[in-house]
Amino acid sequence: MTILFRLGSSAIAKKFVGWVFAHLSFLLPVKRLAESDQLIAFHHPSPSYPVHVLLVPKKAIPNLAELDAVDAGLLIEILQTAQNLAHELGLSESGYRLVINGGEYQKVPQMHFHLIPASDDQPET
């Protein structure tokens, strides 16, 4: 899994990473916290926080700007999954953030969300 994140900045990754999540997510060596036909959620392989979960669509979507109206159901499922995981992982009581990066801050060319604690004294994702 870490290889995908390291490849994220390479030219080939612009097509490869999204394709892997769209077609080969069943092969990813991660412990799934949640999974459906539309998304996969797992602990970040290089976490910046005590709890750091990635929610990744199984559709090749390079970034937030590439979303379309047909993706509304996917976004609803991502938000519901984030709420469920926040509760399961004990983040609901202390607060949490659901972050999506873009532009130079998006290291992997596949739209994904970070579910992290709300503490202000921790680094940005």
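Which residue with a positive phi follows H3? That is Gly 90, with a phi near 75°.

A word on ground rules: this is a predicted model, where local features need pLDDT of at least 70, side-chain atom pairs count only at pLDDT 80 or more, and totals for chains, interfaces and linings use all residues. Residues are numbered from 1 along each chain as its sequence is written, and side-chain values use heavy atoms, leaving out hydrogens and water.

The protein averages a pLDDT (the predictor's confidence in each residue, from 0 to 100) of 83, and 75% of the residues score at least 70. Confidence is lowest in helix H1 (residues 2-7), with a mean of 52, and highest in helix H3 (residues 72-88), at 97. Where pLDDT is low, the predicted coordinates should not be read in detail.

H3 has 17 residues and reaches 24 Å from first to last C-alpha, close to the 24 Å expected at 1.5 Å a residue. Its buried residues (under 20% relative accessible area, 1.4 Å probe, protein chains only) include Leu 74, Ile 78 and Leu 85. Seen down the axis of H3, the buried residues fall within an arc of 165°, so they line one face of the helix. They pack against strands E1, E2, E3, E4 and E5.

E5 (residues 113-117) is mostly covered, with 5 of its 5 residues buried.

Technical notes. Helix = DSSP H or I, 4+ residues; strand = E, 2+ residues; numbered from the N terminus. Buried < 20%, exposed > 50% of the residue type's maximum accessible area, 1.4 Å probe, protein only. Expected span 1.5 Å × (residues − 1). Arc of directions from axis to C-beta. Contact = heavy atoms within 4.5 Å.
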